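Let's take a friendly walk through a protein model. Have a look at the picture first, and then we'll go through some of its features together.

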Amino acid sequence: MTDHCFHCGLPVPENVDFPVRYREKTEATCCAGCQAVAQTIIDSGLSDYYAHRTQGARQGEVLPADILQQIQLYDSEELQKSFVHVTSGQTREAALMLEGITCAACVWLNEQHIRQLPGVLAVDINYTSHRARVSWDNSRIRLSQILQAITAIGYRAHPYDAERQEALAQKQRKQAISRLWAAGLSMMQVMMYAVPVYLAPDGDIDPDFLWLLHWASLILTLPVMLYSAVPFYQNTWRDLKTGRVGMDTPVTIGIFTAFFASLWALINKIPHGVYFDSVSMFVFLLLGGRYLESIARRKAGEATESLVRLIPAFAHRANDWPASRDTVETTVAMLNPGDVILVKPGETIPGDGLVLDGHSAANEALISGESRPVSKQAGDAVVAGSVNTSSPLFVRISQTGQETRLAGIVRLLDKALAEKPRLAVAADRFASWFVALLLLAAAGSYIAWHFIEPARALWIMVAVLVISCPCALSLATPAALTAATGHLAALGVLTTRGHALETLAKVSDAVFDKTGTLTHGDMRLRAQQTLAGLDDAATLAIAAALEQASEHPVAQALKLAAADLPLPATERLDSTPGKGVEGVIAGQSWRLGSVEFINEWLATPLVLAQDWHADCTLVVLANRQAAQAVFAIGDTVRDDAAAMVQALRQRGIAIHLLSGDGAGAVHSLADSLGISDWHARATPEDKLAFVGQLQQAGKRVLMVGDGINDAPVLARADVSLAMGGGTDVARASGDMVLMGDQLALIPTALSLTRKTLAVIRQNLWWAAGYNLLALPLAMTGHVTPWLASLGMAASSLIVVSNALRLVKRKS
């Protein structure tokens, strides 16, 4: 073996020549696969990957023709139904699992490489789960081409499969356990030989027998050095190849220093210089700490990952419904919209749909946060991932695969987890500087003690290297954020952007929309007053026709009231958000909307009686001649709205009500909820201006809304919360989504985010305080190497355990 591969880091066999040209230098690779991968990365203009990666890549491989043919099968429309979401036209989005990701630079390389492909619209990769979201134009590039492009740079991609991901994680856990067991057994055996040496007075043990014990300790320590500690070596080597120092660099230096110093002392028979027990002990403690830490981190994120695993693999399809209730077993991937399935008690519903027959209840806790089963009968909607709890249900499937509401939730979570919060970025940056300072401190300690007491210099340096590894510092923020995000997801509050948690904890003002947010949005026509010659049915039919293209709750109320009436044909409908709609019917222009919107049009302004249904939203219908009718449309306040407002006010949050409805309805709602600052007839521009004024005054604003009109202001606010039952546009604009529309969760979310920031501060203070205390103790010789490794492992474990307090259901 003559060299190491430039791409994967493995030894290059003799008489092998696969060179690549990198930054005016010729580098060696170990095989044709690594050569092809490295050359592809460099030719794509992504050579910075090799300068910034912290771990080596997998060995490159040239895929055989049969594997390439299998990749092309993923272009099948039938196969794509289970994991590809068709957003519009030819635009598609897939959830993929990447194999070979070892560090943040791998994520960067894949994102940059995939974005360069013609036809790829967007790509985001979650470093924690290695799950990628790729969006592309199917008319310009096929999925198989994207998968082959990923393969060309040394990685493997395939549709996200929770079982396969779990198998890979299980394999890694088994390997970690085997390394831990080897280190533990070695430590126990070595300590059996070391304890008598430490406890026996000088001269009590025969020198020949003493050195025999030391040689036995060497032999028992070799499995630790050659197997258990290998991950530390690999990470350090990859760091050094790129001119960086990572968190494992001081650990590796400490292990090598302690082992080879002990070996030198053993060979030269230097008494009190053999510390093989310390080597095996601190490798065992470090591995043990990291294994427990990985378990804790997996537990912190399991709430979000559990959503991915909800959909079952099989379903019972009724092929001859309603003529026959007989069913056949089929895979969920083969279900299509319109299919009728039988969902037995205890089974998970595989797709969104409508109940055709049966009476039962569905547990939707993991989707909406509602802990109580929701009653389901014929005509009720059911969502994928919910569990049928009591009786059989026949369900007609409306959405499957990536079109379901559950898939949309997972996409939002992936989007949030792909964004790294500001606190995590700052902590990582500081940790990298800390490693460099730690190495300087260790070198300084060795030099100083070499003049004070040379026999102790080496071991003090080892203690310094081990005790202050910045693992706890780097874990302080992400561990807490992951735990809090998982807890909120379990409650029914989805975090869709990385900054939302830390920003929500700092809000000073909350601005609420009215309809669909503080109220149910279940609007009904309460009263109708005809003002001119047309009758009630005619004016109602015209109003419903003008609103036929709108999804606004007021429009839905009018269309529901006119459900049995024939609607006239309309032309040139023109909607003015926050005001109303204008159109042409039978050659005559009509307007429907607020009094102000109508009065802009009429020569003689309309004046309504102030006491006529003041608690309702009043909508006026008019033509060019005069106002024809007034409709009073009412709503009901959510049961938990008043308690939510009071809870926020107790937490020091100022409450504002901002609505496009009339003054009477807004005033009535504000009085019932105890909100003193309310604004009616607010257009989208008015809402933007109001939030902007609060921000200019130094306020941190939370905006809560549900409609298309709220999308701009949701995007403008410091942090926004969209109602899960609102429009897709509103959910896409929100930083968080309230899946079950439970307003009572808003104070809970606020308390949890504040607790999260407190935990992050505690973790950072602990990590900083630990290092400030431990480093001087190690430098002054008060800490032995094995005690240093115990302190380091305990420090990381304390940080993660503290973060796990955020996983508890009570907050």
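## The big picture

Two residues are in contact when they have heavy atoms within 4.5 Å of each other. In this protein, 68% of the contacts with a separation of 6 or more are between residues 24 or more positions apart.

## Where the numbers come from

This is a predicted model, in which local features need pLDDT of at least 70 and side-chain atom pairs count only at pLDDT 80 or more, while totals for chains, interfaces and linings use all residues. Residues are numbered from 1 along each chain as its sequence is written, and side-chain values use heavy atoms, leaving out hydrogens and water.

## Helix α10 and its partner

Let's zoom in on α10. It has 20 residues and reaches 28 Å from its first C-alpha to its last, close to the expected 28 Å (that is 1.5 Å times one less than the number of residues). Since 14 of those 20 residues are buried, α10 is largely enclosed by the rest of the structure. Just after α10, K269 takes a positive phi of about 50 degrees.

How do α8 and α10 cross? The axes of α8 (residues 207–228) and α10 (residues 248–267) come within 11 Å and cross at roughly 150 degrees. Axes are lines fitted to C-alpha atoms over the stretch in contact, with angles running from 0 to 180 degrees between N-to-C directions. The two helices are therefore roughly antiparallel, a label for angles over 145 degrees. Residues of α8 that meet α10 include W211, W215 and L218, and on the α10 side I255, F256 and F259 are among the partners. By class, this contact has eleven nonpolar, two polar and no charged residues.

Which positive phi does A586 have, as a residue other than glycine? Its phi is near 55 degrees. A586 sits in the loop between β23 (580–585) and β24 (588–593), and it counts as exposed because its relative accessibility is 77%.

R681 isn't a glycine either, yet its phi is positive at about 55 degrees. You'll find R681 in the loop between β28 (677–679) and α24 (684–696). With 22% relative accessibility, R681 counts as partly exposed.

Definitions and conventions. Helix = DSSP H or I, 4+ residues; strand = E, 2+ residues; numbered from the N terminus. Parallel < 35°, antiparallel > 145°, perpendicular 65-115°, else oblique. Nonpolar A, V, L, I, M, F, W, Y, C, P; charged D, E, K, R; others polar. Buried < 20%, exposed > 50% of the residue type's maximum accessible area, 1.4 Å probe, protein only.
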